[in-house]
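Dear colleague,

Please find below the structure that I am handing over to you, together with its sequence. My findings come after it.

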Amino acid sequence: MTEFEEKLRQQHEASMHRELEALLATANKAEAEVSRKDFNGFKNLFHRFLQVKGPSVDWAKIKRPPEESVQPYDRIKAKGLPESITSCLNKLVVVKLNGGLGTSMGCKGPKSLISVRNENTFLDLTVQQIEHLNKTFNADVPLVLMNSFNTDEDTKKILQKYTHHRVKIHTFNQSRYPRINKESLLPIAKSMGMNGENTEAWYPPGHGDIYASFCNSGLLDKLLAEGREYIFVSNIDNLGATVDLFILHHLMSQPADKRCEFVMEVTDKTRADVKGGTLIQYEDHLRLLEIAQVPKAHVDEFKSVTKFKIFNTNNLWISLPAIKRLQENNSMDLEIIVNPKTLDGGLNVIQLETAVGAAIKSFKNAMGVNVPRSRFLPVKTSSDLLLVMSNLYSLDAGSLTMSKKREFPTTPHVKLGSSFTKVQDFLTRFENIPDMLELDHLTVSGDVTFGKNVSLKGTVIIIANHGDRIDIPAGAMLENKIVSGNLRILDH
């Protein structure tokens, strides 16, 4: 760095420090204590953000991960299970990332409270899965929710309904970081408040924050004291992320000196997953490569299904003692993701974030496991919601499995237009969910509604032009059809 750049960097850091202290002065004592811990993490991130220039990876050094570092799931499953898996389960904690809001699907409040199947929410299904596990194996697997300041209050209200279930539920909060004005590189918040002019001033800094906030919350120490050894972390909206006994047994059966501290479940990339992070070998370490880190000239190469064949499902198995060690030594090095946003008023801000999987390179004996696609069933859009509500899946003890009646295990490709984006609008457009057992591809665009007991097979494309409306009649069977124009069915 030139002397000029170094001085500028120090000046930015000093100004940021002053601003953060001024913000802390507006908080009450208890809030200031929590926020000071958050701000220490933020300052560390900001410091690294000012130092790092250009992409964080040198493209020429990227190699495919060696064969043995990504194991096929079948090889792990072939080991079978011990007589009793209960002692393994009692060393496990299930952690769900629950910081997200349902805004992208037109819902208010935490995304985990959206109904996805038979009136069950994401959270209901998670609790049912773990309760079933505890009952079946007479185990005591706790559930931990990582909330954010956006979801904490609403989630805690709902948790009361599970008090009589056989699951201990803990929560902790992700940090709260200040959004930075892109020009001045200073926080846009005027005080520690969260409403009024400060509504858009704060953000939860990505799920890579789990390590620090888990430690800061005191929950990590509490679970270690109970003899817990591994956490299974996944997104709460991934309905395929259930506890896998074979992976758990694989972890627990390693000799103590060869203990694998981090397993990332990956699965084969399809055209729909080209933006997903992938595992690479980089300077003798396994590493997660996210699209945000890829130099522009190589984005197409990154998206290719031939060079990078797998992507990260964000189902991770991580050693608790290892998290404690790395946090205490401050040796967890997560790449910074710079997320630019434009606020409602037009102000350009940046959010500094990290990803939970990026820590893989800091853990010992880390590996990937190439799991079946069924372990990755995220519900990000109403198109995903249609799939999981349909007869493609059957629900058993909170777990969704692909129906045996479907001849091929791949999921149909569904694209619903903007009239279906919001869950409320989506639900009013279906009298009930169509039969999709033999569907390959569905595209729907414009003002379209579906009557009762419609069945869709093969490739179906339904396009209502602007100003037109298409009502698919009750009992209709569409197989390899394109429907366009105008079709209205009126009661006489």
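The notes below cover conventions, domains, cores, a helix, cysteines and aromatic rings.

This is a predicted model, in which local features need pLDDT of at least 70 and side-chain atom pairs count only at pLDDT 80 or more, while totals for chains, interfaces and linings use all residues. Residues are numbered from 1 along each chain as its sequence is written, and side-chain values use heavy atoms, with hydrogens and water left out.

Domains. The protein is divided into domain 1 (51–375) and domain 2 (382–484), with bounds that come from an automatic or database domain assignment. Their C-alpha centres lie 30 Å apart. In contact across the two domains are 17 residues of domain 1 and 16 residues of domain 2, where contact means heavy atoms within 4.5 Å.

Nonpolar cores. A nonpolar core is a set of buried Ala, Val, Leu, Ile, Met, Phe, Trp, Tyr and Cys residues joined through side-chain atoms within 4.5 Å. Buried means under 20% relative accessible area, exposed over 50%, and partly exposed in between (1.4 Å probe, protein chains only). The largest such core has 72 residues, and Leu89 and Phe450 have the most contacts inside it. Helix α5 gives the most to this core, with 6 residues. At least three residues of the core come from each of domain 1 and domain 2. A second, separate core of 38 residues includes Phe172, Phe214, Leu279 and Ala366. Leaving aside neighbours within four places in sequence, Leu89 is in contact with Leu133, Phe137, Ala139, Val141, Arg228, Val243, Leu245 and Leu248.

Helix α5. Helices (H or I, at least four residues) and strands (E, at least two) are DSSP runs, numbered from the N terminus. Helix α5 covers residues 122–137, which makes 16 residues, and reaches 23 Å from its first C-alpha to its last, close to the 22 Å expected; the expected span is 1.5 Å times one less than the number of residues. Among the buried residues of α5 are Phe122, Leu125, Ile130 and Leu133, but also Asp124, Gln129 and Glu131. Just after α5, Asn138 takes a positive phi of about 50°.

Cysteines. A search of the whole structure finds 0 disulfides, a disulfide being a pair of cysteine sulfur atoms within 2.5 Å.

Aromatic rings. The search of the whole structure also finds 15 aromatic pairs. Rings of Phe, Tyr and Trp (its six-membered ring) pair if their centres lie within 6.5 Å; planes under 30 degrees apart count as stacked, over 60 as edge-to-face and the rest as tilted. One of the pairs, Phe42 with Tyr177, is edge-to-face, at 5.3 Å centre to centre and 70° between the planes. Phe42 lies in helix α2 (residues 29–51) and Tyr177 in strand β7 (residues 177–178), so this pair ties together parts that are 135 residues apart in sequence. Phe42 is buried at 0% relative accessibility, and Tyr177 is buried at 5%. Ring pairs link Phe42, Phe46, Phe49, Tyr177 and Tyr203 into a cluster.

Yours sincerely
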